[in-house]
Amino acid sequence: MEQRGRPGAGSGLRARAARGTLVNGAFLVGTNLLALLRGFLVAAFLTTSEYGVWGVLVVLLATLMWYRQAGIGEKFVQQDEADQELAFQKAMTLELVLALAFAAAGLAVVPLLALGYGTGEVVAPALVMLLMLPAAALQAPLWLFYRRMDFVRQRTLQAAEPLVGFVLVLGLAIAGLGVWALVIGSLVGAWVGALVALRACPYRLAWRWDRTTARVYASFSWPLLLSGGTGIAIGQALTVVGSRTLGLAGVGAIALAGTITQFAGRADQAVTTTVYPAICAVADRLDLLFEAFLKSNRLALMWGVPFGAGLAVFAGDLVRFGLGAEWEPAVVLLQATGVAAAVHQIGFNWDAFYRARDATRPIGVAAVIGVVAFLALPVPLLGVAGLAGLAWGILAAEAVNTAVRAHYLRRLFPGFSMARHLARAIAPTLPAVAVVVAAREVGLGASNAGEAVGWVAAYAGVTIAATVVLER
């Protein structure tokens, strides 16, 4: 039986990581561009209230997908058991146990959460979406290709879900199914992804419940579950307060901002997921870990900062020439989201290096601080001042999160300077922002969609040129 595992030090990790970054970057940018396009295209066929229902469903599903924050797949990548087939079977069993338990709990939780939101229309589609939990767990065979750093195989298999989902969602939305287009398309895509992954699994599938393994994984996972739980708490608080104060239209604006924020972080995800198996292999070498952190985060910042700053600069044009007048109240939120998303990329992948060293406790502590900051700042401001208050609160909370990241990075890498890292991250974007702002000051702003696209192209061109000069 094949027992190939994670590549070790001295096996061309840099070359594998470089190739993997290209593969993962192309995959994640492509699939998340599909998700972003899907969000905007479907918004054209749904009312803001219908899109708000979908926003509530996304929060509900994220709550029920909490079990995935346990990082079972990441622990499987990090472990070095002698029998890798048995190790996989035990890890996949744990993943399925959690998925089925959370799906069962969802039968009771969904109606209660819907009652809290005051949106009973989400109950039926949310109960249907519970079927996505076992489908997600059955995609566990993808861990094998990830651990081996066989990114081409992993991403080829993984592409089935987003492609099928995109086609079905858009087609059903055009057909007039409303929010059910998103529900059905997402669900079918998830099960297609599961079937593709199971068919490609090189190991036998078997139920292997092992208490010792469960305890080992629990020690690794509880801070990650805590971290994931704080994110869920934030989403729930925003949804409850937003639906009660602004209605479903306000929740729709928050959901759209969330979709854009996720897209902004995809480059970082591409790089971090690529280097994680490699840094697990050299977890005892702080010099190599520091090199990996600096290079991987700078690569992600080359995308994340220009995208976030560009959203802040062009949010008004996006609404005026794209989404339509009914989205006008969301402009200030989109601008703040862009700035926060850009700043969030600075040191964003610090937690991957703690996971690689099997030290997950700081991740849980940072998550608790983050949720306290969010519940103390953006959520109350949303209730008092609507979307504008939420915008300012998000920026304040992000400042707290950045300070926490800086603290833990200095603990792991003595001598690390967050200020220097920050300055280098934003430097290539400043000239592009200055060009657009200066043009608007002298009356050269966009007056139609064509001109807006032209200014976006100019912004991108200046950013690329500055990046080449400063980062070559």
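Colleague: How are the axes of helix H17 and H18 placed, and at what angle do they cross?

Modeller: Please bear in mind throughout that this is a predicted model. For a helix pair, one reads the approach of the axes and the crossing angle together. The axes of H17 (residues 361–376) and H18 come within 7 Å and cross at roughly 155°. Angles over 145 degrees count as roughly antiparallel, and H17 and H18 are therefore roughly antiparallel to each other. Their crossing is right-handed.

Colleague: Which residues of H17 and H18 make the contact?

Modeller: On the H17 side the contact is made by Pro 362, Val 365, Ala 366, Ile 369, Gly 370, Ala 373, Phe 374, Leu 375 and Ala 376. H18 contributes Pro 378, Val 379, Pro 380, Ile 394, Ala 397, Val 400, Asn 401, Val 404 and Tyr 408. Sorted by class, the contact of H17 with H18 has 16 nonpolar, two polar and no charged residues.

Colleague: How is the pair H14 and H15 to be read, parallel or antiparallel?

Modeller: The angle again decides the matter. The axes of H14 and helix H15 (residues 331–344) come within 7 Å, crossing at roughly 170°. H14 and H15 are therefore roughly antiparallel to each other. Among the H14 residues in this contact are Gly 304, Gly 308, Ala 312, Ala 315 and Val 319, and they meet a set in H15 that includes Val 331, Leu 334, Gln 335 and Gly 338. The contact of H14 with H15 comprises 11 nonpolar, five polar and no charged residues. Gly counts as polar in this classification.

Colleague: At what angle do the axes of H20 and H21 cross?

Modeller: Helix H20 (residues 430–441) and helix H21 (residues 449–471) have axes that come within 8 Å and cross at roughly 150°. The crossing of H20 and H21 is right-handed. Pro 431, Ala 432, Val 433, Val 435, Val 436 and Ala 439 in H20 meet Trp 455, Tyr 459, Val 462, Thr 463 and Ala 466 in H21. These residues divide into 10 nonpolar, one polar and no charged.

Colleague: Let us turn to single residues. Is Leu 301 buried or exposed?

Modeller: Relative accessible area is the quantity to consult here. Leu 301 lies in helix H14 (residues 286–323). Its relative accessible area is 4%, so Leu 301 is buried, the cut-off being under 20%. Not counting residues up to four places away in sequence, Leu 301 touches Pro 306, Gln 345, Ile 346, His 421 and Ala 425. Leu 301 and Ile 426 are 125 residues apart in sequence, and their C-alpha atoms are 8.2 Å apart in space.

Colleague: What does the side chain of Thr 402 join by a polar contact?

Modeller: Thr 402 is found in helix H18 (residues 378–412) and, with a relative accessible area of 16%, is buried. A polar contact of 3.2 Å joins the side chains of Thr 402 and Arg 405. Beyond four places in sequence, Thr 402 touches Val 343 and Met 418.

Colleague: Where is Val 167 placed, and is Val 167 buried or exposed?

Modeller: Val 167 belongs to helix H9 (residues 160–174). With a relative accessible area of 58%, Val 167 is exposed. The C-alpha atoms of Val 167 and Gly 39 are separated by 13 Å, the two residues being 128 apart along the chain.

Colleague: Which loop holds Gln 69, and which residues does Gln 69 touch?

Modeller: Gln 69 is in the loop between helix H2 (48–64) and helix H3 (72–78). At 41% relative accessibility, Gln 69 counts as partly exposed. Leaving aside residues up to four places away in sequence, Gln 69 touches Leu 224, Leu 225 and Gly 228.

Colleague: Finally, what phi does Met 149 have?

Modeller: Most residues other than glycine have a negative phi. Met 149 has a positive phi of about 60° although it is not a glycine. Met 149 is found in the loop between helix H7 (142–147) and helix H8 (151–158), and is buried, with a relative accessible area of 6%.

Colleague: What phi does Asp 358 have, and where is Asp 358 found?

Modeller: Asp 358, not a glycine, has a positive phi of about 60°. Asp 358 is found in the loop between helix H16 (350–356) and H17. At 41% relative accessibility, Asp 358 counts as partly exposed.

Notes:
Residues numbered from 1 in each chain as written. Predicted model: local features only at pLDDT ≥ 70, side-chain atom pairs only at ≥ 80, totals over all residues. Heavy atoms only, no water. Helix = DSSP H or I, 4+ residues; strand = E, 2+ residues; numbered from the N terminus. Buried < 20%, exposed > 50% of the residue type's maximum accessible area, 1.4 Å probe, protein only. Polar contact = N/O pair within 3.5 Å; in protein donor to acceptor, adjacent residues only side chain to side chain. Contact = heavy atoms within 4.5 Å. Axes fitted to C-alpha atoms, helices over the stretch in contact; angles between N-to-C directions. Parallel < 35°, antiparallel > 145°, perpendicular 65-115°, else oblique. Left-handed = near helix turned anticlockwise from the far one by under 90°.
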